[in-house]
Amino acid sequence: MTTNVRTIKWEFAAKFIRSKSAVTGLIVVVVLVFMAIMAPYISPFPSDSMDFSSMMSPPGVNGHLMGTDQYGRDILTRILYGSRISLMVGIVAVGIGAGFGILLGVIAGYFGGILDALIMRVVDAMLSFPYILLAIAMMAMLGPGLFNAMLAIGIVMTPNFARIVRGNVLSVKEEEFIVASKILGASNSRIIASHILPNILHIIIVYGSLNFAGAIISEATLSFLGIGIQPPTPSWGSMLRDAQSYLQVDPYMSIFPGTAILISSLGFNLLGDGLRDILDPRLNI
Amino acid sequence: MRKYIIHRLLQMIPTIFLVMFIAFALMKLIPGDPAAVMLGPQARAQDIMKLDKELGLDQPVMMQFLIYVKRAFSGDFGRSIIYGEPVFTLLLQRFPLTALLSVMALSIAIIVAVPSGILAALKQNSFVDYLITVFSLVGVSTPIFWFGLMLMMVFSLYLHILPSVGMGNGTLLDTFRHLILPSISLALLSMGTIARVTRSSMLEVLRQDYVKTAYAKGLKKKTIIYRHMLKNAMVPIITVSGLQLGNLLAGAVLTETIFGLPGMGRLMYDAILRRDFLVVQGGILFVAFIYIALNFSVDLLYAAFNPHITSSYKGVAK
C-alpha cells in the first residue's frame with residue numbers, strides 16, 4: 001500500500017515537472033509568497049515614506065527602481081507590500097468560498113431530496129447575478145475595508161464551488177466502494193470524510209487555484225472603484241485608482257501595479273490549468 | 001417544445017423570487033438605518049422618518065419583502081436620492097448605451113475568439129495552439145479596467161488616434177469612435193472564455209465518426225470544417241456567448257467609469273460613491289433579470305438545436 005501511494009506521488013511529481021504551465025504557475029506563486037513574507041526586509045524604502053524631492057518620478061531616479069507616485073512614495077515598495085493584501089484576500093476569500101461551497105455541495109449532492117432542491121435554487125439565484133456585480137453591490141452596502149472585501153468575494157464564490165462539488169459528489173456517490181461501505185454499515189459522516197472528500201479533493205484544488213486568480217482580480221477591481229482596500233494601505237487596485245488621474249504625466253504609476261495583478265493572477269491560472277491537466281484532463285472547469 | 005417552454009418558465013419562478021430576496025437582503029447589509037445613511041449626517045430626524053416610511057422600513061421584515069416584491073413587479077424600484085427620479089426610469093434611460101457597448105464588446109470577442117479557437121483545435125498541440133492557449137489565459141488574467149487604462153494611454157494620449165473619454169458630439173460616427181476603446185477593453189472579459197470553449201467543443205467534434213466519414217469520403221477540408229464541424233460545435237459556443245453578455249453588462253460598470261460614458265454602469269458607480277442605495281439595488285436586480293432572460297433564451301435555442309431535450313417532454317403515445 002505504501003509503495004503504491006509513493007508511486008502515485010512520484011508519478012504526480014514527474015507529470016508536474018513536465019507541465020510547463022504548472023511549473024511556471026508554481027514559480028510565480030512562490031515568488032509572490034516570498035514577496036509578501038519578505039516585504040519589510042527587501043523593500044528599498046520604508047512602507048509609506050514620502051520622498052518630496054522626487055514626486056511622480058520615472059523609474060531609476062533617486063534609487064526608486066519603479067519610480068514614485070504623486071506623494072513621492074516608492075512604487076516598488078508599495079507593490080511588494082501590496083502582494084500581502086492580494087494573497088491575504090485570495091487565501092481568506094477562497095477559504096470562505098471553498099468552505100461554504102464544500103459544505104453546501106456535499107449536503108446537496110450526498111443527501112439529495114428537498115435539501116438538494118433548496119440549496120440548488122439558492123445557488124441558481126446567486127448565479128443569476130454577475131459575479132463581480134454582486135461583490136460590488138455587497139461592498140456598496142457593507143462599506144469599504146479589507147475584512148468586508150474578503151467576505152464579499154468569498155460569498156460570491158460560494159455558489160460556483162457548491163455547484164461543482166455537488167456535481168462531483170453525485171458521480172462519486174454511485175461508485176462501488178461507497179455502496180460497499182454503506183452496506184458494511186459505515187455512517188454517513190464517515191463515508192463523507194474518508195471516501196467522498198478525498199475523491200473530490202483534486203477538483204477543489206484545481207478550482208481553488210483558478211478562483212484564487214479571480215479573487216486577486218476582484219480585490220483589485222473593488223479597490224480600483226474605491227470600495228475595497230482604503231488608502232493609505234498599499235493595494236494594487238487602489239494604486240491604479242490613484243494612477244488613473246496621472247495617466248499622461250506618469251504612466252509608470254499605472255503600468256507596474258497593473259502588471260503585478262496580471263502576473264499574479266496569470267500565475268494562479270497557469271497553476272490551476274496545469275494541475276487540471278495532470279490530475280484529471282477530462283475535468284470541465 | 002411547448003411543454004418544455006412551460007416547464008422552464010415554471011422553474012424560473014422560484015429563482016426570480018430568490019433573486020428578489022437577495023436584492024432585498026442587500027439593503028440589510030447596510031450598518032445602521034439605511035434611511036439615515038442615505039440622507040447623510042446632516043439629515044433632520046423627521047426626514048429620516050419620512051424616508052423610513054417611504055421605504056417601508058417601519059414594517060416587519062416579512063412585510064417589507066412583500067412590499068418590495070409587489071413594487072418591483074410594477075417597475076417601482078424606489079426613487080434616487082441624487083436625481084430625485086424613479087430608479088427604473090433612470091435605468092431605462094441609461095440602459096441603451098450599456099447594451100450597445102456590451103453587444104459591441106461581445107461581437108469583438110466573438111470575431112477574435114471563435115476563429116482563434118477553431119485554429120487552435122485544428123492544430124492541436126502545435127505552437128499556434130500553445131500560443132492561442134497562452135493568450136486566452138492572459139486575457140482571462142488581465143483586469144479589464146487596467147487594460148482599458150493602457151488602451152487609453154496608448155491610443156488616445158500617445159498616438160492621438162482615438163478619443164479617450166466621453167461621448168463626443170452626438171453624431172453616429174463620433175459615438176461609434178468613442179465606443180471603440182471601451183468595447184475592446186470590455187471584450188477582453190469574454191475573449192479568453194469564448195476561445196477556450198470554441199477550442200474544446202471543436203476538439204470534441206473532431207473525434208466524431210461523421211467527421212471521419214466526411215474525410216474518408218474525400219470532402220474538401222473547408223467543407224468539412226464549416227459544414228460539418230462548426231455547425232455542431234456552434235451550440236456550446238452560442239451558449240457561452242449568450243451567458244457572457246450578462247457578465248459584459250456587469251463589466252460595463254468598470255469600462256463606463258474609466259471612459260466616462262453615461263451608461264447604466266456609470267449610474268451605478270456614482271450611486272455607490274454617493275450612497276444612493278436604491279439605485280444600486282435596482283441596478284443589480286435589473287441586470288439579474290436580464291441575465292435570467294438571456295439564460296432562458298439560450299436554453300430555448302439549445303433545445304431547438306438539440307431534439308434530445310424536448311423529446312423527453314413529448315407524450316409517450318406519440
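Tutor: The expected span of a helix is 1.5 Å times one less than its number of residues; helices are DSSP runs of H or I, at least four residues, numbered from the N terminus. This is a predicted model, in which local features need pLDDT of at least 70, side-chain atom pairs count only at pLDDT 80 or more, and totals for chains, interfaces and linings use all residues. Residues are numbered from 1 along each chain, chains are lettered from A and ligands numbered from 1 as written, and side-chain values use heavy atoms, without hydrogens and water.

Student: Where does helix 7 of chain B bend?

Tutor: The bend is about 25 degrees, at B:Met152; this is the angle between axes fitted to the seven residues ending there and the seven starting there.

Student: How many residues of helix 7 of chain B are buried?

Tutor: Eleven of the 15 are buried, meaning under 20% relative accessible area with a 1.4 Å probe, protein chains only. Among them are B:Phe145 and B:Trp146.

Student: Changing topic, which salt bridge does B:Arg196 form?

Tutor: B:Arg196 pairs with A:Asp273, the closest N and O atoms being 2.8 Å apart. The criterion is a side-chain nitrogen of Lys or Arg within 4 Å of a carboxyl oxygen of Asp or Glu, and the rule finds one such bridge across the interface of chain B and chain A.

Technical notes
Helix = DSSP H or I, 4+ residues; strand = E, 2+ residues; numbered from the N terminus. Buried < 20%, exposed > 50% of the residue type's maximum accessible area, 1.4 Å probe, protein only.
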